[in-house]
Amino acid sequence: MKRFLCIHGHFYQPPRENPWLEEVEIQDSAYPYHDWNQRITAECYSNNTASRILDEEMRITDIVSNYAKISFDMGPTLLQWLQKNSPATYNAIIEADKLSLKWRSGHGAAMAQAYNHMIMPLASERDKKTQILWGIGDFKHRFGRDPEGMWLPETAVDLATLDILASLGISFTVLAPHQAHRIRKKGAREWEDVSGAKIDPKVPYTCNLPSGRKITLFVYDGPISRAVAFEGLLDSGEQFAQRLLGGFSDENGGTQLMHMATDGESYGHHHRFGDMALSYTLDYIESNGLARITNYGEFLEANPPKHEVEIYENTSWSCSHGVERWRSDCGCSSGANPKWQQQWRAPLREALDALSDELASGYEQAALKYLKDPWAARDDYIGVILDRSDENLTGFFHKHARREFNLTQKVSTLKLLELQRHAMLMYTSCGWFFDDISGIETVQVLQYAGRAIQLAKEVLGSKLEPGFTASLKAAQSNVPEYGNGSQIYEQFVKPYALDLRKVAAHYAISSLFEDYSDETHIYCYRVKRQDYRRVQAGKSELVTGRSLITSEITGESGKLSFSVIHLGNHDFNCGVRRFVGNKAYQEMTGEIKSAFESGAFADVVRLLDTHFGTYSYSLKDLFRDEQRMVLETLLKDTMESFEASYRRMYEDNRILMGFLKETGIPIPRSFYTAAEFILNLDLKRQIQAEFDSDTIGDILRDAKHWKVSLNKADLEFSLKNSLDERMQKFSENPSDIETLEEVGKTIETALTLPLRHNFWMVQNLYYSMAKTVYPDFAQRVPKDRDASLWVERFKSLGEKLNFNIESVLSEG
């Protein structure tokens, strides 16, 4: 076989974690999902672990992992999130790489990626090296092997970056065709100019570096990659396959590598069902022997480069102006707001560069007190990020510390290293990629800067914030109400900054709604309760207590005392202070409790001011997810009252409104509002609980009669979760035929709903049972009547779920 095919997916999301909590908080723009990571995982990352192959009648014949057959890189920060929040997806990705090692001559499908998607040509030499080392370290930790290749963020390239890659054992990377300048056959003297993407993408190239090192460059097929990403080629698996096969040259009798590269999110997130177009294409080409499916490592071993290439430095795949998209108003944007300018990019870059320089200088000077080589320690810090256990931390300090540390010195050292972590995170490329400085991606990098500034103040005594925010004033937003970067920082960064006191306030307020154990975790903080007292008087509540709070990132800890009074609704008053001794604590709790029990609530508030001073907190200071939970709890009675009013309005008047409709008299808008609220609510409850087909039918008829708009996003999400739970219950007890029949009826009813059906998890569970459980029941037929009935019902369920039963159950 001389025809080889490699499809590369660059899977990446910007880190979205709150820098102070190390968790992604709720993002309303991702509704109905919790956040964008969760949403894109559901639409893309998970789907590619179990993608459907369909027959001519659009029935499922197989479920396969795309990751095992393609080449891919996945961002380290995204993998970290997946490991914690979607472990099944994470484990499937790791297993796919192991499977590809078996299929592809010992070469895995996965490539490494520079750690947090920093634009490498714009990075300092130190940051270049650390980004690559952290990417390698993360890859080895997860995939259990050394990476052969590394993806450069946005394929942004310069010779210095390539040289560091080569020096650290990376064999190859992938570039866009317009990044190649000229080529020549090895041993030849004359160069051929291939500017304007005229390079042949079907062969690998050696890039000779100034240091004398070499690295292999694969230059992907531009037109086919663009068609996948932007021209709808994934709308049809057949068209995708034919377009890829058309990339081979019939005139070339030698070995050819047809390869393309796009964002991995093309396969499901940007293009719905894109994962299925991919799986169909791979299966069609492989099963028909039309090309050998390969990955870059396998192809490179068998086909070392015969040509050399020189590149255009400071170029990328997503900016026609080089790397200007990440430092100037070059004209590149998302296209969503064509009248907007991006002049804010330059002052943002300048402000961060100035801040980075100050942080680097301060870090080096301070870290020399504790570390033998501050920059070598930073390079090695990825090991701590991946494993913050005491044992691993002790090993890290044994290797890098000048001497044995006490607790205070250990905390200071970790703060210095965290300062540097955030100083790199603030350069994540998405901060400049989109249209305005007020976008969530740019706010995120400003929050990383804010965390670095806070750490610098704590451990260096540096007051960097005034100068930084002054520089941001030149970064004008396109949205008038946001003003400029300095105002955005004030609105979206400073309120999120926290210290141990704010963690204690969160603990105190949320403890009124959550039953914490004596030791608990609040995001990346460990809380050990040392005293806790709760008193209630009518609808008012008082909590006093003290806790030991410890950061699991820096090791900083503190004993804090607190008191909070809840006067009903959203009226919370909370005070927090350092624990200054048992006597003072007892006096404080005694005075506040006495005032509360006497009903002198105004005195309680005054005493909070007296004992806690300026460190006062309210519901606004709760972290976003718990704040949302508390507000939903507080609104429960209000929402029940709304429901009762709307239900009475709808049910008491629908006959009269029907008469008005028959006679052509306009129906009051308030009635339609009530009908929409009640019918959507009743349908959602049916989906989540009873799933009675008759009741659901009645609701749908009423909705159609009154022309009520269904809240499809919310209902579809509820439908998916409800079906997943029912199928999961069946898979855990597969011999229960009653549950099997119930699932079948539920799916049948679900198919009548005018909603988009997401059977992905249900189908996965069915497919797994078809391969593991079904064969046992099938063998007992026809002697076992119960088994015969089970097989009949199971096949019926599979048909409802759109399986080609003959294909899926054939191995059984």
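**Chat: a loop residue and some ring pairs**

Colleague: Where does Leu635 lie?

Modeller: Leu635 lies in the loop between helix 22 (624-634) and helix 23 (636-662). Helices (H or I, at least four residues) and strands (E, at least two) are DSSP runs, numbered from the N terminus. This is a predicted model, where local features need pLDDT of at least 70, side-chain atom pairs need 80 or more, and totals for chains, interfaces and linings use all residues. Residues count from 1 along each chain as its sequence is written, and side-chain values use heavy atoms, without hydrogens or water.

Colleague: New topic. How many aromatic pairs are there?

Modeller: The whole structure has 40 (Phe, Tyr or six-membered Trp rings, centres within 6.5 Å; planes under 30 degrees apart are stacked, over 60 edge-to-face, the rest tilted). Take Tyr115 and Trp134: their ring centres are 5.2 Å apart and their planes are at 90 degrees, so they pair edge-to-face.

Colleague: What does that pair tie together?

Modeller: Tyr115 is in the loop between strand 5 (110-113) and helix 4 (125-143), and Trp134 is in helix 4, so the pair ties together parts 19 residues apart in sequence. Tyr115 is buried at 3%. Trp134 is buried at 1%.

Colleague: And how do Trp790 and Phe794 pair?

Modeller: They are stacked, because their ring centres are 4.7 Å apart and their planes are at 10 degrees. Both sit in helix 30 (residues 785-800), four residues apart, about one turn of the helix. Trp790 is buried at 1%, and Phe794 is buried at 0%.

Colleague: Back to Tyr115. Which aromatic cluster is it in?

Modeller: Tyr115 forms one cluster with Trp134, Tyr370, Tyr381, Phe396, Phe397 and Phe405.

Definitions and conventions:
Buried < 20%, exposed > 50% of the residue type's maximum accessible area, 1.4 Å probe, protein only.
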